[in-house]
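Take a look at the model below.

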Amino acid sequence: MHRALLVSEILLEVFMHVNRVLDPYALILSYREMALARKSFAALARTCKPFYEPAMDLLWTELDGIEPLLGCVTRLHPIIYHSSGSRCFRFEVIEPLSEHEARQFLHHSSRVRSLRILYGDYFHLLSVLPIETCMFPRLLSLSTDQDLNRYLHLFLSPVLRRCALPLVHPDLKSVPTRCAALEELSIKSSFGNIAADRQVLYDSIRLCKGLVALACPPLDWATWEHLSNLPTLLTLEIWDDRCSLGWRNPKIAPFLNVTRLYFYTKTAAYTIAVTQQLEFPSLIQFEMEVFDLPWAEAEPLFHALSRYKTLLHISISSRRSSRNVQDLLGSFLTPIRQFLCFTQLRTLRFNFPCCCINLDNNLLLEAMSSWPHIRMLEFIDPQAVPTVTFRGLFAALHRCPRLHTLDIPLNAVDIDIDPTAKSFQHTSLQHLNLISLDISDAKAVARIIFSAFPSVDRIFPPNKRPSDVCLEVLRHLESFRASTVLDRHVAGAASKT
């Protein structure tokens, strides 16, 4: 073996190339890739003594469930690693571990740094473990959609940084108590028993001293006040809104370092109360998914958001709206106009009925002039009647040279420019969504895109089925590009002769 491999830093760097397929941020992570990486680490561990410890650490560092650890138990090994490769056995019928088997189970548990629990039918096997047992003393991240019931304490590491639970656990206070280093707490669910769960949640959060990110059901004013005194807090997410904040003028300090707010609610009432009465001077990103957004709530919400001039990214979506369209047609305070004050905006996404009221060439030009730094603009309105034309779009795009994603109602039936004429080119635009448009001449639209937007590589979202006319536009667009490549090839060959 080369002497360089005796240097631990070099050895880890080599092993990390094997570990790249286990990257949790990978776009596609297949079971086969994970299995291959684990087999590679196992083989490295068996190669020689210097390889054993670093290879075993990487082999066990990230687990989806505790089944691999149960596979270290002699009695359970043939059950866990059966030939079919599918999870067809039932843990419910298996006897709990003995004390000797518990030691086998815990043999490699100290190497686990990230654990995601997908099933909960094996918890009874752990009943032999004493209550003070910490199964994973080096665990940094715990994520589960299973109710850990009376076994939560077994998974709590003193160095735990991230904890994601499916509901408010009765023993939730043990998380901040036993995990002093906790930075991220996530409970993306509604309250089960509103009165009991609410108090447990509030008491638990008030024990957290170093939170960086929090996602949970709605908070009361006292808990908001505690969070305002945490300089570490950067991100807040509120899920569900079955609890009302009530109206008061809380004397709560500004949330100096919070940069992101996210709300997932049925109505906008809770969000309005928070954005009206609390201060977020560093807020950069606001996201909201609400089931119903009537104009009676949308207007005060938009007005409250207008106080946060630091916002760079705004996303608001709603499944339905009970607003009166006729009342908005002549109104100056339409949704788009209320956001013209955000002159530093980078992302604006509206996805709710009537969000495009009064959107025409003039309003689009005014908006783009107000947002010169915009990079992503999406106005998705199922009730919109497209009035923005290609001529108006071109005029507006001159004002935002950095725009790379555009999805707005566009009149692609009445084409008001000459598709064959040489026009300006917007080289930054990459994604132009045509999926919801009525298109009268697919070839003409493809010609416009080819001439004006040379960098566009997507004309419909990857997660949606394109219409026949969209596919026709795409075929013409590919034909134009292929013809250009051929012409360049011919011209290049001719210049050499």
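**A loop and a cavity**

Asn358 is partly exposed, with a relative accessible area of 30%. Partly exposed lies between buried, under 20% relative accessible area, and exposed, over 50%, with a 1.4 Å probe and protein chains only. This is a predicted model, where local features need pLDDT of at least 70, side-chain atom pairs count only at pLDDT 80 or more, and totals for chains, interfaces and linings use all residues. Residues are numbered from 1 along each chain as its sequence is written, and side-chain values use heavy atoms, leaving out hydrogens and water.

Asn358 sits in the loop between strand 11 and helix 13. Helices (H or I, at least four residues) and strands (E, at least two) are DSSP runs, numbered from the N terminus. Most residues other than glycine have a negative phi. Asn358 has a positive phi, near 70°.

Cys354 belongs to the loop between strand 11 (347-351) and helix 13 (361-370). The phi of Cys354 is positive, near 70°. Cys354 counts as buried, at 2% relative accessibility.

Now turn to the cavity. The structure holds 1 cavity of 30 Å³ or more. On a 1 Å grid over the protein atoms alone, a cavity is a set of points where a 1.4 Å probe fits but cannot get out; lining residues have an atom within 4 Å of a point. The largest cavity holds about 40 Å³ of space, a volume being the space filled by probe spheres set on the points, which are joined across faces, edges and corners. Its lining residues include Leu393, Ile408, Asn433 and Leu437.

Definitions and conventions
1 Å grid on protein atoms, 1.4 Å probe; cavity = no way out; pocket = protein on both sides within 12 Å on 5 of 7 lines; lining within 4 Å.
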